[in-house]
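Dear colleague,

Here is the structure I promised to send over. My notes on it follow below.

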Amino acid sequence: TPLVIRDRKLGTAASSIILAPDGERTILVYRGASEDLTRREVPWPKLRARWAYLTPGGIAYPLVLELLKTLKARGAKIAMNPSREYLTLGAIRTKKLFGMLDVAIVNREEAALLTGTPYRDERALFRKFDELVSGIAVMTDGPRGSAASDGVRRYRAGIFKERPRVDRTGAGDAFGGAFVAGLIRRKSIPDALRIAAANAASVVEH
């Protein structure tokens with residue numbers, strides 16, 4: 001049975017998306033009760049999976065760390081697309097978190113924010129991010145494609161040629177989900193990057 005929690009003060013999260021003719025967007029977000037998760041509301045006995053994909057939003061950092069530790073102790077592999085709230089904490093404060101991840105996915109702007117490395121210096125940026133992540137580090141870079149590292153080898157992938165862009169909303173999530181799905185299906189990192197790029201391209205065309 002699904003866990004249903006009602007809050008008398010905070011509303012359900014909602015977003016309004018303002019689209020430009022070229023598919024770019026501005027998203028106005030009210031996160032509401034989604035960021036107010038407490039420890040007692042987590043169904044701890046049910047936290048069992050082969051893989052878990054976390055997008056923490058503004059959920060308290062200590063609680064997310066406890067979630068990660070619990071999942072890891074039960075044999076789960078963990079992927080995360082960290083939120084801006086977590087990225088602004090910086091590499092030193094989040095070192096323990098990134099050290100537990102099997103896959104960490106950020107875009108180039110987010111990597112710069114996390115590591116404090118200049119956005120323009122792509123090599124140094126990716127190197128710093130890669131050093132922080134114990135598993136596979138993935139950095140997307142819009143039309144310039146993506147890069148990934150398993151700590152030993154680095155891989156690069158381009159993007160699929162898009163039809164006219166309609167809406168870029170969700171392209172990053174489509175990339176991340178498909179990359180992890182590729183790994184679950186025992187694909188190589190280069191193949192997983194191609195699957196992810198194809199899924200992201202398909203999203204922006206609709």
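In what order do the six strands of the open sheet run? The order is β3-β4-β5-β6-β7-β8, and the pairing is mixed. Please keep in mind that this is a predicted model.

The edges of this sheet are β3 (51-54) and β8 (154-157); each has a single partner strand, so one side of each is left without a neighbour in the sheet. On average, neighbouring strands of the sheet are turned by 15 degrees against each other, direction ignored.

Strands β5 (residues 103-107) and β6 (residues 136-140) run parallel and are joined by five bridges. Within this pair, Val103 stands opposite Ile136 in β6.

- Helix α5 (residues 108-115) lies across β5 and β6, and runs at about 105 degrees to β5.
- Helix α8 (residues 189-204) lies across β6, β7 (146-149) and β8, and runs at about 30 degrees to β8.

As for the protein chain as a whole, its secondary structure comes to eight helices and eight strands. The C-alpha trace spans about 45 × 40 × 35 Å along its principal axes. The radius of gyration is 17 Å, which agrees with the value near 17 Å for a compact globule with 206 residues.

Of the 206 residues, 42% count as buried. The chain exposes about 12300 Å², of which carbon and sulfur atoms supply 52%. Among contacts between residues at least 6 apart in sequence, 59% join residues at least 24 apart.

Regards

Note on methods:
Residues are numbered from 1 along each chain as its sequence is written. This is a predicted model: local features need pLDDT of at least 70, side-chain atom pairs count only at pLDDT 80 or more; totals for chains, interfaces and linings use all residues. Side-chain values use heavy atoms; hydrogens and water are left out. Two strands pair if DSSP finds at least two bridges between them. Helices (H or I, at least four residues) and strands (E, at least two) are DSSP runs, numbered from the N terminus. Axes are lines fitted to C-alpha atoms, for helices over the stretch in contact, and angles run from 0 to 180 degrees between N-to-C directions. Contact means heavy atoms within 4.5 Å. The radius of gyration is taken over C-alpha atoms; the globule rule is 2.2 Å times the number of residues to the power 0.38. Buried means under 20% relative accessible area, exposed over 50%, partly exposed in between (1.4 Å probe, protein chains only). Accessible areas come from the Shrake-Rupley method with a 1.4 Å probe; for residues, only the protein chains shown count as cover.
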